[in-house]
Every structure is written in structure tokens, then in C-alpha cells.
Amino acid sequence: MYFSTVHWLPLVGGYTAYPPPDTAHRRRLVEALPDPDALDELVAATGVGWIVVHTAGRPLPSKWAGTLPPGLALVRRWPEATLFRVTRPQATARGAP
């Protein structure tokens with residue numbers, strides 16, 4: 001939560017005292033990323049626009065280092081984190097109304 005003060009954007013997991021009612025489901029989707037189906041469902045449910053993978057100086061997990069699904073683009077890598085932009089529009093994500 002502390003790092004969110006850099007950008008002041010909403011967090012998928014909510015805030016410490018105010019988690020969303022479907023926190024467990026969102027957590028499962030986030031853990032499945034960058035799986036295309038999980039990305040589609042997360043975009044449809046939340047409209048997420050950015051994904052930060054915190055690495056704390058470790059290598060980026062291999063599932064993030066390979067080919068990314070359509071709608072996800074690498075923006076920048078730092079020693080502590082990697083930033084991805086979600087380019088998939090919410091309206092075209094599977095499951096979206």
C-alpha cells in the first residue's frame with residue numbers, strides 16, 4: 001500500500017482496511033497471471049490498467065519472462081519491479097458485458 005502513494009491509482013486488492021468483497025477471487029486471478037484467461041477475467045472485473053510484478057532484486061519469474069498474452073505489454077524493468085501496461089480494453093475482455 002505504501003508504494004501506491006507514488007501513483008495514487010486504485011489497487012486491485014483494495015486497501016488495508018477496505019478490501020473488496022471478492023478479494024479471494026481476485027487474488028487467485030492475480031496469482032494465475034499472465035495467463036490470458038485470468039487477464040481477461042481480471043480486466044472485465046476490475047478494469048485494471050497496470051500490473052507491477054515486485055521482484056525485490058530477484059529475477060523476474062519465468063512465467064512473466066516468456067511471450068506475453070495479447071493485451072499485456074512490458075513497459076519498464078527496475079531491479080525491484082517490472083511494470084506492464086494492460087492494453088486490452090475492458091469491453092472486449094471475455095466475460096465483459
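Let me start at threonine 82, which lies in strand 3, residues 81–86. Helices here are DSSP runs of H or I with at least four residues, strands are runs of E with at least two, and both are numbered from the N terminus. Before going on, a note on the source: this is a predicted model, where local features need pLDDT of at least 70, side-chain atom pairs count only at pLDDT 80 or more, and totals for chains, interfaces and linings use all residues. Residues are numbered from 1 along each chain as its sequence is written, and side-chain values use heavy atoms, with hydrogens and water left out.

Back to the residue. Is threonine 82 buried or exposed? Threonine 82 has a relative accessible area of 3%, so it is buried. Buried means under 20% relative accessible area, exposed means over 50%, and partly exposed is in between, with a 1.4 Å probe and protein chains only. Leaving out residues up to four places away in sequence, threonine 82 touches Ile51, Val52, Val53, Leu60, Leu74, Arg76 and Arg77. Contact means heavy atoms within 4.5 Å.

Now the whole chain. It has three helices and three strands, and along the sequence they come in the pattern α-α-β-α-β-β. Of its 97 residues, 32% count as buried. Among contacts with a separation of 6 or more, 50% are between residues 24 or more positions apart. The chain exposes about 6,600 Å², and 61% of that is supplied by carbon and sulfur atoms. Those areas come from the Shrake-Rupley method with a 1.4 Å probe; for residues, only the protein chains shown count as cover.

Next, the pair of helices. Helix 1 covers residues 23–32 and helix 2 covers residues 36–46; their axes come within 8 Å and cross at roughly 140 degrees. That makes helix 1 oblique to helix 2. On the terms: axes are lines fitted to C-alpha atoms, for helices over the stretch in contact, and angles run from 0 to 180 degrees between N-to-C directions. Under 35 degrees is roughly parallel, over 145 roughly antiparallel, 65 to 115 roughly perpendicular, and the rest oblique.

Which residues of helix 1 and helix 2 meet? From helix 1 there are His25, Arg26, Leu29, Val30 and Ala32, and from helix 2 Ala38, Glu41, Leu42 and Thr46. By class, this contact has five nonpolar, two polar and two charged residues. Ala, Val, Leu, Ile, Met, Phe, Trp, Tyr, Cys and Pro count as nonpolar, Asp, Glu, Lys and Arg as charged, and the others, Gly among them, as polar.

In the loop between these two helices is proline 34. A cis peptide bond joins leucine 33 to proline 34, with omega at about 10 degrees. Proline 34 is 32 residues from glycine 66 in sequence, and their C-alpha atoms are 9.7 Å apart in space. Glycine 66 sits in the loop between helix 3 and strand 2 (72–77), and at 43% relative accessibility it counts as partly exposed.

Last, the loop between strand 1 (50–54) and helix 3 (62–65), where alanine 56 is found. Alanine 56 has a positive phi of about 50 degrees, although it is not a glycine. Most residues other than glycine have a negative phi, and most peptide bonds are trans. Alanine 56 is partly exposed, at 47% relative accessibility. Threonine 55 is in the loop between strand 1 and helix 3 too, but threonine 55 is buried, with a relative accessible area of 5%. Apart from neighbours within four places in sequence, threonine 55 is in contact with Leu60, Pro61, Pro79, Glu80 and Ala81.
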